[in-house]
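Welcome! Here is a short tour of a protein model, from its overall build down to a few local details. Please have the viewer open as you read.

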Amino acid sequence: MNTELKNIADFCKKNWSEYCEFTIKTADRVCENRFLFDSPRDMERTESEVAFGDKIDWYYKLNGDEEFMFQLNRHGYLIQLGQAYYLTGDEKYLKKFCTILNDWLDTVPCDYKNNSPWRSLETGMRGDRWLKALSYIDGTKCFSRELKEKIEKSLLTHIELLKKAHSGFQKGSNWGIIQDSGLFHIGIYFNDKDIINLALERLNQETDLQIMSDGFQWEQSNNYHNEVLLVLLDVVIDADKNNILLPNRLKNKIEKMAEAALKMIKPNAHNPLFGDSDDTDMRDIMSRCALVFERADFKFYGFESLDYNTVWMTGYESIEKYNKLESRKPAFANAYLTDSGNYVLRENQTSTSNYLCFHNGYTGAGHAHADKLHFDLMIKGREVLVDAGRYTYLNNSQRRYIKSPKAHNVCLIDNKQYLKMTSQWETKIPALAVQYPSFDNEYCTLIGGAHLGYMKSKGAFTERKILHIKPDIYIIVDAFKAKGFHTYQQYFHFAPTGNANICGKKTEFDDGSVKTVIHFLTPNSKLTKEKSIYSSNYNAVCDNDCVKSSFSAVGDNCAVTVIYGNKKEAFEPFDISLVRAKAARSEKILSYKKALGIVIKTQEKDYTVNLAFKELKEPFECNGKIGSGFITVFCGDKIIFNKW
């Protein structure tokens with residue numbers, strides 16, 4: 001038994017007992033040919049177990065979903081078999097390891113098809129996982145020379161397939177980076193400098209094409225941003241182990257990706273769900289980023305001790321290296337990833353912070369959703385307004401709904417989609433995002449944007465501004481520049497952990513821990529409660545509440561919504577009202593289409609917000625306060641924010 005791996009196993013048993021139990025439980029299932037992909041790092045998790053009996057069917061599709069077959073043929077569970085051996089000393093795990101590989105090598109010929117176990121993505125991932133897994137069995141009596149030769153022969157086939165799989169699709173999607181990171185690891189195994197250099201050349205090109213200047217992966221899915229980041233971190237780790245100098249440009253891109261993940265992270269250390277994403281705990285990724293880049297701000301959202309998966313990869317000495325790293329609160333609160341169109345408003349860097357994530361960027365590829373101008377909201381670290389997740393990749397009604405605008409916290413015109421989903425992957429009628437600058441001071445933050453999704457079909461311009469009066473008031477201003485009569489719909493999807501109830505012109509959300517109130521100030525709006533669906537993980541789905549605000553108008557129109565909340569025991573209602581605006585010089589009453597005011601009275605402060613929707617020729621008055629430009633915020637009689 002390898003002494004270092006045994007020491008790592010002892011460290012994990014002492015510090016990560018739950019992970020150890022999970023690994024052993026998974027390995028025991030695999031020993032009986034039973035498979036349930038429920039690991040946090042399984043890309044498409046399953047909710048029901050598949051038992052094959054005596055013979056594994058490597059082409060099996062669970063409920064017709066190819067993703068089960070792809071997961072099965074990535075062989076990540078071989079790593080868990082190897083770890084289970086070191087955690088228990090039981091050789092049955094190594095024997096099963098050999099049985100599985102012998103069976104796969106003998107019965108799954110390379111066919112280069114895109115819907116087979118030799119799909120290029122699985123080929124790259126499998127090569128990476130084999131090489132990780134071999135470290136646990138190499139040198140043991142269970143591992144025969146014959147099996148090792150069969151594996152190496154197959155790895156050479158993996159190389160040939162991966163060398164050919166480098167079309168424009170791979171260059172522009174997560175597939176290319178994931179595949180070529182696998183090619184890099186295989187090149188290191190064979191000490192093949194040509195393959196190593198080819199992989200690095202491709203990874204350089206692919207990260208240049210795919211990673212935006214703010215560090216976010218262009219497909220606009222947190223899930224795939226994280227998958228790409230993880231495999232690239234593995235490249236850095238393997239390069240360091242083997243004294244391979246990575247191009248600075250590549251390493252800088254990887255660190256930029258890590259920074260983007262840090263800026264997006266929620267108070268509960270999970271990632272937002274926009275795009276095809278699962279509700280993923282980010283602490284292990286942040287721990288790995290901290291170790292690789294030796295940065296204290298990454299460790300702040302990581303684990304106190306080096307995480308279970310990373311220590312098996314990086315070796316026993318990395319435990320002490322990680323321990324010596326200090327943990328330091330990130331210097332930022334708000335974050336503006338302007339290239340990808342992702343904005344985060346954060347009260348502070350604590351687990352009980354208020355958090356809002358606004359998304360309005362490049363549509364991205366097949367993993368992107370129709371979520372322009374969507375926002376998530378957390379109050380005191382608890383989910384309140386949510387994205388629907390991804391649920392499935394099958395071409396069915398749930399997939400099309402969950403990608404559609406109606407499954408997001410956005411506005412529709414005439415109940416029509418502004419970015420139509422034509423299949424489980426394809427979109428029609430592009431909705432170009434319009435980026436707005438952000439403004440921030442001690443008291444308020446203003447973010448926003450627009451999209452052109454209705455310009456062709458409706459001749460309408462749709463914009464959303466979000467004004468955050470720190471720390472706990474959010475004003476959502478939706479404006480529509482349109483001609484003729486239209487109906488408008490605002491959708492608000494609530495976390496399944498609580499219930500949303502309509503009370504007149506407001507909605508109250510209560511999850512037992514926090515209470516949040518949404519005031520709908522649009523004069524002629526009608527509120528209705530609907531059922532929606534929420535998916536925290538692939539193949540997992542539940543019902544959740546959705547509130548729709550509907551209204552109509554001729555010509556330009558606007559909708560104003562005020563949201564606030566607190567811990568349930570500390571919650572106190574605010575008095576919120578809409579007031580008319582009048583021109584400051586002529587004292588002429590202005591229509592709601594031109595300007596309006598919002599008065600917010602808390603237990604401690606009174607706010608007046610003057611909102612203009614057109615360029616006015618003079619200052620305007622609301623609630624006795626004269627403002628100018630498009631937004632003026634008063635606390636009492638003092639102007640605390642002004643935006644022209």
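## Ground rules

Helices (H or I, at least four residues) and strands (E, at least two) are DSSP runs, numbered from the N terminus. This is a predicted model, in which local features need pLDDT of at least 70 and side-chain atom pairs count only at pLDDT 80 or more, while totals for chains, interfaces and linings use all residues. Residues are numbered from 1 along each chain as its sequence is written, and side-chain values use heavy atoms, with hydrogens and water left out.

## Overall build

The protein has 18 helices and 31 strands. Its radius of gyration, taken over C-alpha atoms, is 27 Å, close to the 26 Å that the globule rule (2.2 Å times the number of residues to the power 0.38) gives for 644 residues, so the protein is as compact as a globular protein of that length. Along the principal axes, the C-alpha atoms fill a box of roughly 95 × 50 × 45 Å.

Of the 644 residues, 60% are buried, where buried means under 20% relative accessible area, exposed means over 50%, and partly exposed lies in between (1.4 Å probe, protein chains only). Take contacts (heavy atoms within 4.5 Å) between residues at least 6 apart in sequence: 64% of them join residues at least 24 apart.

## Surface and charge

The accessible surface comes to about 25,000 Å², and carbon and sulfur atoms account for 48% of that area; the method is Shrake-Rupley with a 1.4 Å probe, and for residues only the protein chains shown count as cover. There are 85 positive and 84 negative side chains, and the centres of the two sets lie 6 Å apart. Here Lys and Arg count as positive and Asp and Glu as negative, with His and the chain ends not counted. Each charge is placed at NZ of Lys, CZ of Arg, CG of Asp or CD of Glu.

## Backbone details

Now for some local geometry. The peptide bond from Lys470 to Pro471 is cis, with omega near 5°. You will find Pro471 in the loop between β14 (461-469) and β15 (473-481).

His75 is not a glycine, yet its phi is positive, near 65°. This residue sits in the loop between α3 (66-72) and α4 (77-88), and His75 counts as buried because its relative accessibility is 0%. Tyr391 also has a positive phi, about 65°, without being a glycine. Its place is the loop between β7 (382-385) and α17 (397-403), and at 18% relative accessibility Tyr391 counts as buried.

## Aromatic rings

The structure holds 36 aromatic pairs. Rings of Phe, Tyr and Trp (its six-membered ring) pair if their centres lie within 6.5 Å; planes under 30 degrees apart count as stacked, over 60 as edge-to-face and the rest as tilted. Tyr488 and Phe551 form a stacked pair, 5.6 Å centre to centre with 20° between the planes. Tyr488 lies in strand β16 (residues 485-493) and Phe551 in strand β21 (residues 542-554), so this pair ties together parts that are 63 residues apart in sequence. Both Tyr488 and Phe551 are buried.

Phe494 and Phe509 are stacked at 5.6 Å centre to centre, with 15° between the planes. Phe494 is in the loop between β16 and β17 (499-503), and Phe509 is in strand β18 (residues 506-510), 15 residues apart.
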